[in-house]
Amino acid sequence: MALAAKTIVATGVSSGLGFEAIKQLLGQAQAYKVILGARDTGRTQKAYDEIAYDRAKHSLAILPLELSDLKTVKSFAQQTLDKLGQDKIDYLLLNAGATQAKEEGQRQGKWCETYVVNHLSQHYLTHLLKDRLVASKSRVIVVSSGAIRQAQPDALDKDLRANSGAEARTLYSQTKFVQLLGAHWWRRQLAGSCKVLAVSPGLIPGTGLARGSGMNLPTGMPDAKPIPEGASNILRALTVEDFPDDPDMIFLTSWGEWWSKKVFEHSLDKDLQDKWCPSKEEIEREEGLAA
């Protein structure tokens, strides 16, 4: 008997870890309906066309999405809902991540591009899909990073401003920390309706994440993992069921265990979560998207 298709809406799956994760997903016995956002839809379509998978079982829709431009986030959300019709969202996979060298971080507006891509745009997307997520009892998966351990919460206001001059490594740690604040915030907002968890794929050189940032991730680094393993670590978050009794323990490690709260204790500050998780209306007002 064929398994009913599960729907996954995803960001950051055009290349690298995300692409490999969806590729592995399309090789499973479970049928999937995948809706993904991509900056270059033509190149992304070509990449997926080259994958051998059962097209009679799985379906794939590629919609335009530029995470540094929240107007496209809004249009992507609406196109996703239109394509879904009455279908539910089983999984929302927020995998997109970016680093920007400080000289490339010029942006009109209040915040640097790394912050907009790594947190604000995906936080906004979750707002836009919230009603369907609640109705679907979805699982929301935030692909995080061990880099959150290097974050400096007291410096967020300074570092994440547009044109702050902060180095790429600093911006990555700070924005991934804010993204984790968002995971905790959404866990609170969606409690009783959706499962929200963060997952670390591990240290994965060769994904292109650091391209153009000046950061160097040699493949011979201790604890480095290949891309297929990192992708499998992400996919583990779709099926894991051994959730801790403590609702704050939402961070799955790359080896399949739950990280102790000591690792991410600064992200448990509810005031900090509230500060960096604006409402949909606040985002639209600040980004010039209000009707």
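Two strands are taken to pair if DSSP finds at least two bridges between them. Helices (H or I, at least four residues) and strands (E, at least two) are DSSP runs, numbered from the N terminus. The model is predicted, with local features requiring pLDDT of at least 70 and side-chain atom pairs counting only at pLDDT 80 or more, whereas totals for chains, interfaces and linings use all residues. Residues are numbered from 1 along each chain as its sequence is written, and side-chain values use heavy atoms, with hydrogens and water left out.

The secondary structure of the protein consists of 9 helices and 7 strands. Of its 291 residues, 53% count as buried, where buried means under 20% relative accessible area, exposed over 50%, and partly exposed in between (1.4 Å probe, protein chains only). Contact denotes heavy atoms within 4.5 Å. Among contacts between residues at least 6 apart in sequence, 77% join residues at least 24 apart.

The 7 strands form an open sheet with parallel pairing, in the order S3-S2-S1-S4-S5-S6-S7. Strand S1 (residues 6-11) pairs with S4 in the parallel sense over 4 bridges, and the bridge partner of Val9 in S4 is Leu92. Strand S5 (residues 139-143) runs parallel to S4 and is joined to it by 4 bridges; here Tyr91 has Arg139 as its bridge partner in S5. Both faces of strand S4 (residues 91-94) are covered, with Tyr91 and Leu93 on one side and Leu92 and Leu94 on the other, all of them buried. Strand S6 (residues 195-199) and S7 pair in the parallel sense over 2 bridges, and Val199 has Leu252 as its bridge partner in S7.

Two helix pairs involving H4 were examined. Axes are lines fitted to C-alpha atoms, for helices over the stretch in contact, and angles run from 0 to 180 degrees between N-to-C directions. Helix H3 (residues 70-84) and helix H4 (residues 113-136) pack at an angle of about 35 degrees, with their axes 10 Å apart. The contact involves residues of H3 including Phe76 and Leu81, and residues of H4 including Leu120 and Tyr124. By class, this contact of H3 with H4 comprises 12 nonpolar, 1 polar and 2 charged residues; Ala, Val, Leu, Ile, Met, Phe, Trp, Tyr, Cys and Pro count as nonpolar, Asp, Glu, Lys and Arg as charged, and the others, Gly among them, as polar.

The axes of H4 and helix H6 (residues 168-189) come within 7 Å and cross at roughly 15 degrees. H4 and H6 are therefore roughly parallel to each other (angles under 35 degrees count as roughly parallel, over 145 as roughly antiparallel, 65 to 115 as roughly perpendicular and the rest as oblique). Among the residues that meet are His119 and His123 in H4, and Trp185 and Trp186 in H6. The contact of H4 with H6 divides into 6 nonpolar, 10 polar and 2 charged residues.

Glu284 lies in helix H9 (residues 280-286) and is buried, with a relative accessible area of 8%. Not counting residues up to four places away in sequence, Glu284 touches Lys74, Tyr124, Leu128, Leu289 and Ala290.
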